[in-house]
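Me: I am new to this structure. Please show it, and then I will ask a few things.

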Amino acid sequence: MTCETGRRRDGAPQPTVEALTFSLRSRGTKALEEQATKRRLSELSDQQVIEVGNRLQKLKPEIARAWSAEEVETLFKVKRGL
């Protein structure tokens, strides 16, 4: 379902969530400065952003370094500013 702005009411499609998570996992908070990352983040619902933050904090060392609470807070601050 889409609303009047053309965005999905329930947030971004799952591939957008996965692409955002991958870029954040790969490049850390530095990725939040990139236009593509900001665009993807703007498409997510608040609940999806929380889920991404939770996933980033639970990363296993063999995949990538887990995010700290401060890094997740930076993610939320960038989302609020979009």
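Reply: Some notes on the model come first, then questions and answers. This is a predicted model, in which local features need pLDDT of at least 70, side-chain atom pairs count only at pLDDT 80 or more, and totals for chains, interfaces and linings use all residues. Residues are numbered from 1 along each chain as its sequence is written, and side-chain values use heavy atoms, with hydrogens and water left out.

Me: Which pattern does the protein chain follow along the sequence?

Reply: The protein chain has 4 helices and 0 strands. Helices are DSSP runs (H or I) of at least four residues, strands (E) of at least two, numbered from the N terminus. Read along the sequence, the pattern is α-α-α-α.

Me: How is H3 oriented relative to H4, roughly parallel or roughly antiparallel?

Reply: The axes of H3 (residues 46–57) and H4 (residues 69–81) come within 10 Å and cross at roughly 160°. Axes are lines fitted to C-alpha atoms over the stretch in contact, with angles from 0 to 180 degrees between N-to-C directions. Angles under 35 degrees count as roughly parallel and over 145 as roughly antiparallel, with 65 to 115 roughly perpendicular and the rest oblique. Therefore H3 is, relative to H4, roughly antiparallel.

Me: Is Gln 48 buried or exposed?

Reply: Gln 48 lies in helix H3. Buried means under 20% relative accessible area, exposed over 50%, and partly exposed in between (1.4 Å probe, protein chains only). Gln 48 has 10% relative accessibility, so Gln 48 counts as buried.

Me: Which residue has its backbone nitrogen 2.8 Å from a polar atom of the Gln 48 side chain?

Reply: Gln 48 touches several residues beyond four places away in sequence, including Asp 10, Gly 11 and Val 17. Contact here means heavy atoms within 4.5 Å. The backbone nitrogen at 2.8 Å belongs to Ala 12.

Terms used: Polar contact = N/O pair within 3.5 Å; in protein donor to acceptor, adjacent residues only side chain to side chain.
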